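Please keep the sequence and the coordinates in view while reading.

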Amino acid sequence: MITMKDIVREGHPALRKKSKEVVMPPSEEEVKTLKKMLEFLKNSQDDELCEKYKLRPGVGLAAPQLGITKRMIAVHFEDFNGKKYSYGLFNPKIISHSVEQAYLAAGEGCLSVDRPIEGYVPRYARITVKATDIEGNEIKLRLKDYAAIVMQHEIDHLNGVMFYDHINEDNPFHAPSNARAIE
Ligand code: ZN
């Protein structure tokens, strides 16, 4: 199983690389890795396992965070309305997005970043993502608000982008005029 020692931190070159597309169909090893990534997120949200293995709770994980520069991400979370999302995705791609932006009022964090970083991270409020799921199905997801933000954070990792790259340097709490706070 994946534990915190498997997750690379800031300064590791994999976090700044553009990851490669996974050739379809994925190899057995790629499927196994993606399943383990999703399992890590579930474990990290289980109080007992979290404590036992000293995991940091996470809602998303991208392959580059394991030092693997392939376009694979896992997400496992509930949105603020209690709707559940749990996906392992190959080659996720944003195919359309809103003009309106949204940001988490509490800011963002990352399993690869061990220091608190304050500030708003403006992202698209709504996105449509195309991907291949763990079972090999081509899927299209329409996401908004928190779900859209989590997905964009993970897809950013595939392009070598960290969440704090989006924070306004002069004023970290500057909210763009077309951005809505999600709290
Ligand atoms: Zn992250």
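The text below covers the zinc site, then the salt bridges, then a surface patch.

**Zinc site**

The model is predicted. Three protein donors hold the zinc ion: Cys110 through SG, His153 through NE2 and His157 through NE2. They lie 2.1 to 2.3 Å from the ion. Along the chain, the donors follow the spacing C-x42-H-x3-H. His153 and His157 both sit in helix H3 (residues 145-158). They are 4 residues apart there, so about one helical turn separates them. His153 has a relative accessible area of 7% and is therefore buried. His157 is buried too, because its relative accessibility is 1%.

**Salt bridges**

The structure holds 12 salt bridges.

| Pair | N to O distance |
|---|---|
| Arg9 and Asp114 | 2.9 Å |
| Glu100 and Arg180 | 2.7 Å |
| Glu108 and Arg123 | 2.8 Å |

Start with Arg9 and Asp114, which form a salt bridge. This pair links distant parts of the chain, 105 residues apart. Arg9 belongs to the segment before helix H1 (28-44). Asp114 belongs to the loop between strand E4 (101-104) and strand E5 (123-124). Arg9 is partly exposed at 27% relative accessible area. Asp114, at 53%, counts as exposed.

Next come Glu100 and Arg180, also joined by a salt bridge. They too link distant parts of the chain, 80 residues apart. Glu100 is in the loop between E3 and E4, while Arg180 is in strand E8 (residues 179-182). Glu100 has 25% relative accessibility, so it counts as partly exposed. Arg180 is partly exposed as well, at 33%. Glu100 and Arg180 also belong to a network of salt bridges that includes Arg126 and Asp145.

Glu108 is buried at 10% relative accessibility. Arg123 is buried at 3% relative accessible area.

**Surface patch**

Which residues gather in a patch of positive charge on the surface? They are Lys93, Lys130, Lys140 and Arg142. Lys93 lies in strand E3 (residues 84-97). Its relative accessibility is 54%, so Lys93 counts as exposed.

Methods: Residues are numbered from 1 along each chain as its sequence is written. This is a predicted model: local features need pLDDT of at least 70, side-chain atom pairs count only at pLDDT 80 or more; totals for chains, interfaces and linings use all residues. Side-chain values use heavy atoms; hydrogens and water are left out. Patches are made of residues with over 30% relative accessible area and no salt bridge: like charges are joined within 9 Å, nonpolar side chains (Val, Leu, Ile, Met, Phe, Trp, Tyr) within 5 Å. Accessible areas come from the Shrake-Rupley method with a 1.4 Å probe; for residues, only the protein chains shown count as cover. A salt bridge is a side-chain nitrogen of Lys or Arg within 4 Å of a carboxyl oxygen of Asp or Glu. Lys and Arg count as positive and Asp and Glu as negative; His and the chain ends are not counted. The place of a charge is taken as NZ of Lys, CZ of Arg, CG of Asp or CD of Glu. Helices (H or I, at least four residues) and strands (E, at least two) are DSSP runs, numbered from the N terminus. Buried means under 20% relative accessible area, exposed over 50%, partly exposed in between (1.4 Å probe, protein chains only). Donors are N, O and S atoms within 2.8 Å of the metal (3.2 Å for Na, K and Ca); water is not among the atoms, so sites may look incomplete.
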